[in-house]
Amino acid sequence: MKARALVAWNVRRIRVDRGISQEQLARDTGIGRSYVGGLERQSKNATIELLERIAESLRVDILELFVEPPKGATTPWTLPKARKPARPRRKTK
């Protein structure tokens with residue numbers, strides 16, 4: 001598994017195991033929530049400095065972000081959506 005995929009898999013795994021939302025992780029590390037999502041989808045590439053901040057926020061050693069998943073491991077589940085329910089649309093005349 002490539003480094004970007006390892007980081008994505010482990011950030012998501014640790015974050016979900018700890019019950020931390022992407023929004024909370026983003027706030028703790030000083031980045032945008034969409035950037036956290038991009039890291040987890042492997043569309044963004046984090047710097048070493050950012051990986052250090054993420055590891056610190058998740059309270060793990062930075063090496064935990066590079067641990068190979070066990071053979072046959074499935075992608076970690078996502079947390080339930082915490083978005084506000086959509087407002088009903090107004091009727092137009």
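What share of the contacts with a separation of 6 or more comes from residues 24 or more positions apart? I looked this up and found 64%. Contact means heavy atoms within 4.5 Å.

**Ground rules.** I noted that this is a predicted model, where local features need pLDDT of at least 70, side-chain atom pairs count only at pLDDT 80 or more, and totals for chains, interfaces and linings use all residues. Residues are numbered from 1 along each chain as its sequence is written, and side-chain values use heavy atoms, with hydrogens and water left out.

**Overview.** I counted 4 helices and 0 strands. Helices (H or I, at least four residues) and strands (E, at least two) are DSSP runs, numbered from the N terminus. Buried residues make up 35% of the 93 residues. Buried means under 20% relative accessible area, with a 1.4 Å probe and protein chains only.

**Helix 2.** I checked residues 22-29 and found Gln22, Leu25, Ala26 and Thr29 buried. Seen down the helix axis, they fall within an arc of 100°, so they line one face. The arc is that of the directions from the axis to the C-beta atoms. These buried residues pack against helix 1 (3-17), helix 3 (33-41) and helix 4 (48-58). Gly30 follows helix 2, and its phi is positive, near 80°.

**Helices 1 and 4.** I read a packing angle of about 20°, with the axes 10 Å apart. Axes are lines fitted to C-alpha atoms over the stretch in contact, and angles run from 0 to 180 degrees between N-to-C directions. The two helices are therefore roughly parallel (angles under 35 degrees). Val7, Val11, Ile14 and Arg15 in helix 1 meet Leu51, Ile54 and Leu58 in helix 4.

Notes. Buried means under 20% relative accessible area, exposed over 50%, partly exposed in between (1.4 Å probe, protein chains only). Angles under 35 degrees count as roughly parallel, over 145 as roughly antiparallel, 65 to 115 as roughly perpendicular and the rest as oblique.
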